[in-house]
Amino acid sequence: MATSETIEVETRRHQMFPVLDAADAARVRRFGEARHYPRGSCLFRAGEPGPGMYLVLAGKVAITQRDGLGRVTPVAVQGPGQFLAEVGTLSGQPALVDGHADEDVEALLVPPDQLRALIVAEADLGERLVRALILRRVALIDAGASGPVLMGPPDSADVVRLQNFLRRNGHPYHVVDASTDPDAATLLAQYGEASLLVASPNGAVLVNPSEEALARCIGMVDTAEHAELFDVIVVGAGPAGLATAVYAASEGLRVIVLDCRSYGGQAGASARIENYLGFPTGISGGALAGRAYVQAQKFGAEMMIPAKAVSLDCSGAHTGEGLRVGLADGRQLRARTVVVASGARYRRPQVPRLAEFEGRGVWYWASAIEARMCSKQEVALVGGGNSAGQAAVFLSQHAALVNILVRGPSLAASMSRYLIDRIEASPNIVLRPHTELVNLHGEPGTGLDGATWRDARTGGQHDCPARNLFLFVGAEPEAEWLHGCGVAVDRQGFVRTGGDAGARGALETSVPGVFAVGDVRSGSVKRVGGAIGEGAAAVAQIHAHLAQLQAAA
C-alpha cells in the first residue's frame, strides 16, 4: 500500500512533469513555431541563453544537469506531450540544464514573450505551466547539481557571501570543499592557490568575484542599454516594489524593476511570516517574494537584479524626455514615472570593530546558511522588532542558546504578540532586557569568537562565546540615490509623500511622477502587508499621472 509520503512525491512529480493532451497542444501551437531536431542534436545548453519553451510533439529529449566542473547528472527524459522549460525561460535567461534529442524530435518552440502571452491568455493551461516551472526551479536548487560551483572553505566569508546572493535570488549552485574534492583542489592550484574560485557552466572561471561579476557571468542580469522609454521604473524588489510591478504590468504598463541585491528585500530573508493574510500556517519570506517575482515576469515586467540605482534626474519630467535613473555601471534608464521602493537597511550600532566582522560572524539576516553555521552553538541577537523575533525563533531550532539583547524593558512595544509568546515558550531563547552590545572579540582572518554586553541597570558586563551575532537594529532609508533631485525627505531621510510633500496623490512625492512605497516612505507601517498594499495602490496614481502627461502632449 502506498504511503501518504509516496503519494505526495508522485503528485509533486506529476505537477512538475505534466503531459499535455492534443487539445492543450493545439492551444500552445498558436504561440509557437514547429521545429525539427535530428537525433543527437542539442536543443539548449546550460549557461547559454535559452530560446524558449519546447513542447515535444514526437521523439524524446534527455535532460541532464551539468555543473561548472563538467559533472553531468541525468534529470529526466521528456516525450510527446511534455514541455521543456523552467522559471528562467519566462525572461530568456541562460538555461540551467542541457537538452539533447535522444531520437528525431518534432517540437513547438515558444519564445519567452510568447510563453508569457500563452500563460496569460490560456489561464487554466497557464496555471499548470507556471506551477511546473516553479517546481522545476525548486528541484534544481535542491539537487545542487547545476549552476555555478563555489570552490573554497564552506564557512569562509566569501563563500557564504556568494551562497547568500545566489540563494536569495533563487539560483541553483553548490559548494565544493577543495580540501576533500581532488578536482576542485587541482583547479584551485592552477589559479595559484586562490581562496575562492567559481566555475560556471559556460566554462568561465572567476577568482573571488563580486556579486555583480558573478551575476553577469551566469546571465542573471543583462548588459543591454535599454534606451526605450518605460512607463514605470521600480527601484527596489521588496514586497512593495514587486506589488507595483505585478499590478502595473498586469494592466498593460511597460515596467522594469531594479534591485541592488536580490528580490524580496528584508522580508525575503524572513524564515516565516505568520501574520500575512491568507497564509494561516505561515510562509517564508523567500517563498512569498519568489512567487511575486515569477508573477511579475509572467505579466511582462523586466527584471534587472543586481543593478544599483545611484541617481535620479528629474529635469526631463515635463519635456518628453522622461525621468532618468542612473545605474552604478553607467547605464541610464528612462521612464514616465519612477516608484521609489528601495526600502531600508538595518542600522549599524556603534560597536568597536563591527565592520571587521561583517560577513565573518556578524550578520544582518538569518537564513538556512547561517543557521547551519550556528548548529549547537550559543549565539546572540540584537533587536526587538518582528524581524528579530522571527530570526530568534528560527535560529532556536538550530542553536544551543539564543540570547536576545534589547535596550528596553521588554518586547511588548515593538513585537507582535504571537512572536513574543513563541519566544517565551522556547526553552533555549533567553531575553536580556536593558542590555546593549559593547564589544566584539576575535580576528578578522578567523572571524568572530565572542561578544561582550552590558546590563544598563547594574553596569555589569558579560562575555559570551558567540561566534555568530545577528543585528536587527532600527532602520535607515535606502534613499541616498535621490539626493539632488528635489525629492523631499523627513529628518531621518525617509521620503515624504502626499500632503506631507505637497503632492496630489497619497503616495506621490514632491516631484510629480515620482512615487514612494514601502519601508522607504515616511510614515509607512513597516509591515509586509502594508508594503504590498502601498505598492498596489500606487498603480492607480501612476495611471492618473500618465493620463495627465498624455492630455498635456
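This report walks through the sheets, a helix pair and the cysteines of a predicted model.

## About the model

Because the model is predicted, local features need pLDDT of at least 70 and side-chain atom pairs count only at pLDDT 80 or more, while totals for chains, interfaces and linings use all residues. Numbering starts from 1 along each chain as its sequence is written, and side-chain values use heavy atoms, with hydrogens and water left out.

## A parallel sheet of five strands

Let's start with an open sheet whose five strands follow the order β20-β27-β21-β22-β23, with parallel pairing. Strands here are DSSP runs of E with at least two residues, and helices are runs of H or I with at least four, numbered from the N terminus; two strands pair if DSSP finds at least two bridges between them. β20 (362-363) and β23 are the edge strands, each with a single partner, so one side of each has no neighbour in the sheet.

Within this sheet, three bridges link β21 and β27 in the parallel sense. One of the residues involved is valine 382, whose bridge partner in β27 is leucine 471.

Helix α12 (residues 386-396) has 10 of its 11 residues buried, so the rest of the structure largely encloses it. Buried means under 20% relative accessible area, exposed means over 50%, and partly exposed lies in between (1.4 Å probe, protein chains only). Among the buried residues of α12 are Ala388, Ala391, Phe394 and Leu395. The buried residues pack against elements including α11 (368-373), β21 (378-382), β22 (401-405) and β27 (469-471).

α13 (417-425) is also one of the packing partners. The two helices, α12 and α13, pack at an angle of about 35° with axes 10 Å apart; axes are lines fitted to C-alpha atoms, for helices over the stretch in contact, and angles run from 0 to 180 degrees between N-to-C directions. On the α12 side the contact uses Asn386, Gly389, Gln390 and Val393, and on the α13 side Tyr418, Leu419, Arg422 and Ile423, where contact means heavy atoms within 4.5 Å.

## Cysteines

There is one disulfide in the structure, the term standing for a pair of cysteine sulfur atoms within 2.5 Å. Cysteine 314 and cysteine 485 form this link, with an S to S distance of 1.9 Å. Cysteine 314 sits in the loop between β16 (309-313) and β17 (323-327), and cysteine 485 in the loop between β28 (476-477) and β29 (514-516), so the pair ties together parts 171 residues apart in sequence. Both cysteine 314 and cysteine 485 are buried.

Cysteine 260 is in no disulfide, and the nearest cysteine sulfur, that of cysteine 485, is 19 Å away. With a relative accessible area of 27%, cysteine 260 is partly exposed. Cysteine 374 is in no disulfide either, the nearest cysteine sulfur being that of cysteine 464, 11 Å away. Cysteine 374 is buried, at 0% relative accessibility.

## A mixed sheet and a hairpin

Another open sheet has four strands in the order β10-β9-β11-β12, with mixed pairing. Its edge strands, β10 (174-176) and β12 (205-207), each pair on one side only. β11 (residues 197-199) runs antiparallel to β12 and is joined to it by three bridges. Helix α6 (residues 182-190) lies across β9, β10 and β11, at about 70° to β9.

Finally, β4 (residues 61-66) and β5 (residues 72-78) run antiparallel and are joined by six bridges. Their hairpin has five residues between the strands, and glycine 70 takes a positive phi near 85° there.
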